[in-house]
Amino acid sequence: MIVVGGLLLVAGVVVAVVFGGDAAGGWLLPVGLIAAGLGMLLAGAMAAVRRRVPVLAAVRAHRAAPVGSPLRRARAVPGMIAATARGRNPVLPRYQLLLWLIAVCYVVSPIDFIPDFLPLLGIGDDIGVGAWLLTSLYAESGNYLAAQQRSEVEAE
């Protein structure tokens, strides 16, 4: 809904600028498109916020605060991957391992969605996928360490 609202808003502005209000509906068409776009943007934003607030509260209640220094988290990554592959990590779903593997293959592979010979764009997709991979591993390793710490406290 937000995307459609943004497209309508841009279309209204383009029609207003290009035709100067002399399009098929006179000044009514651009003003209508701009109003419809703004309305859809506002409705989409309100719906997104309304949907997301309970989800964020549930996630905060479920997961403990991530723990560990960057070095400790980096050391925990192989154990986290092994535990997830064996099904012993209830915090991390197995499909996440598949996504990480696809990301590694994409970064290493010479075949890209955007060819590397295009300046800035070609390397940008690799940088984006690599950044997602590293931040995802960093965040999940912190959650893994927190879960380990929680299980050690419960065992005592």
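Biologist: In this predicted model, how far apart are the end C-alpha atoms of residues 97-132, and what share of the span is helix?

Modeller: Those end atoms lie 13 Å apart, and the span is 67% helix and 0% strand. The UniProt record, an unreviewed entry, places "domain: DUF1232" at residues 97-132.

Biologist: Where does the record put the feature "transmembrane region"?

Modeller: UniProt, again in an unreviewed entry, gives residues 26-49 and 97-114. For residues 97-114, the end C-alpha atoms are 24 Å apart, with 67% helix and 0% strand.

Biologist: What makes arginine 73 count as a charge over the ring of tyrosine 138?

Modeller: The cut-off is 6 Å from the ring centre, within 35 degrees of the ring normal. Arginine 73 lies over the face of tyrosine 138 at 4.1 Å from the ring centre, so the distance meets the cut-off.

Biologist: How do helix H4 and helix H5 cross?

Modeller: The axes of H4 (residues 95-108) and H5 (residues 121-155) come within 9 Å and cross at roughly 145°. The crossing is left-handed.

Biologist: Which residues of H4 and H5 meet, and how do they divide into nonpolar, polar and charged?

Modeller: Among them are Leu99, Trp100 and Val104 in H4, and Val129, Leu133 and Leu137 in H5. The contact residues divide into 10 nonpolar, three polar and three charged. Asp125, Asp126 and Glu140 in H5 take part and count as charged, because Asp and Glu belong to that class.

How values were computed. Residues are numbered from 1 along each chain as its sequence is written. This is a predicted model: local features need pLDDT of at least 70, side-chain atom pairs count only at pLDDT 80 or more; totals for chains, interfaces and linings use all residues. Side-chain values use heavy atoms; hydrogens and water are left out. UniProt positions are given in the numbering used here, feature names are shortened, and annotations may be inferred rather than shown by experiment. Helices (H or I, at least four residues) and strands (E, at least two) are DSSP runs, numbered from the N terminus. Axes are lines fitted to C-alpha atoms, for helices over the stretch in contact, and angles run from 0 to 180 degrees between N-to-C directions. A crossing is left-handed if the near helix is turned anticlockwise from the far one by less than a right angle, and right-handed if clockwise. Contact means heavy atoms within 4.5 Å.
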